Amino acid sequence: TGTEAEDPSDNATDEELRAFGAKITKARKRLRGLTQRQVAEAAGVSLRTLSRMENGYRTTPISRRLVADYWTARNSAEPDTPMDNVDLGAVPSIAL
């Protein structure tokens, strides 16, 4: 299955990761059914990373930040989209 390199600053719980992944999936589907590939490319992460993230698997904190920043930018650019400004909440355990 392959896991990403351990990051000592990443102390996200499995529950936080699953919740964050569920929010990303919900946001992606609410915004005109964007594909994982489209979101991954726009956010600057690999398709595999986004898929793992949506399924609650551990990804690097910077990957989680890139995806969260993508949604923040989408919300700012298109505030009246069907996404209704989905709030992803806190990005799990990002120490930048």
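How exposed is Asp 69, in terms of relative accessible area? Point 6 takes this up.

1. Basis. The model is predicted: local features need pLDDT of at least 70, side-chain atom pairs count only at pLDDT 80 or more, and totals for chains, interfaces and linings use all residues. Residues are numbered from 1 along each chain as its sequence is written, and side-chain values use heavy atoms, with hydrogens and water left out.

2. Fold. The protein has four helices and zero strands, in the order α-α-α-α from the N terminus. Helices (H or I, at least four residues) and strands (E, at least two) are DSSP runs, numbered from the N terminus. Among contacts (heavy atoms within 4.5 Å) with a separation of 6 or more, 72% join residues 24 or more positions apart.

3. Burial and core. Of the 96 residues, 41% count as buried; buried means under 20% relative accessible area, exposed over 50%, and partly exposed in between (1.4 Å probe, protein chains only). The largest nonpolar core has 15 residues, and Ile 24, Leu 50, Val 67 and Trp 71 have the most contacts inside it. Two or more residues of this core come from each of H1 (14-30), H2 (36-43), H3 (47-54) and H4 (61-77), with H4 giving the most, four residues. A nonpolar core is a set of buried Ala, Val, Leu, Ile, Met, Phe, Trp, Tyr and Cys residues joined through side-chain atoms within 4.5 Å.

4. Helix H2. Its buried residues are Val 39, Ala 40 and Ala 43. Viewed down the axis of H2, they fall within an arc of 100°, so they line one face of the helix; the arc is that of the directions from the helix axis to the C-beta atoms. Gly 44 follows H2 and has a positive phi, near 85°.

5. Salt bridges between elements. The whole structure holds three salt bridges, each a side-chain nitrogen of Lys or Arg within 4 Å of a carboxyl oxygen of Asp or Glu. Asp 14 pairs with Arg 58 at 3.8 Å, N to O. Asp 14 lies in H1 and Arg 58 in the loop between H3 and H4, so this pair ties together parts 44 residues apart in sequence. Glu 54 and Arg 28 form another, with the closest N and O atoms 2.7 Å apart. Glu 54 belongs to H3 and Arg 28 to H1, so the pair links parts 26 residues apart in sequence. Both Glu 54 and Arg 28 are buried.

6. Asp 69 and Arg 65 meet at 3.2 Å, N to O. Both lie in H4, four residues apart, about one turn of the helix. Asp 69 is partly exposed, with a relative accessible area of 38%, and Arg 65 is also partly exposed, at 26%.
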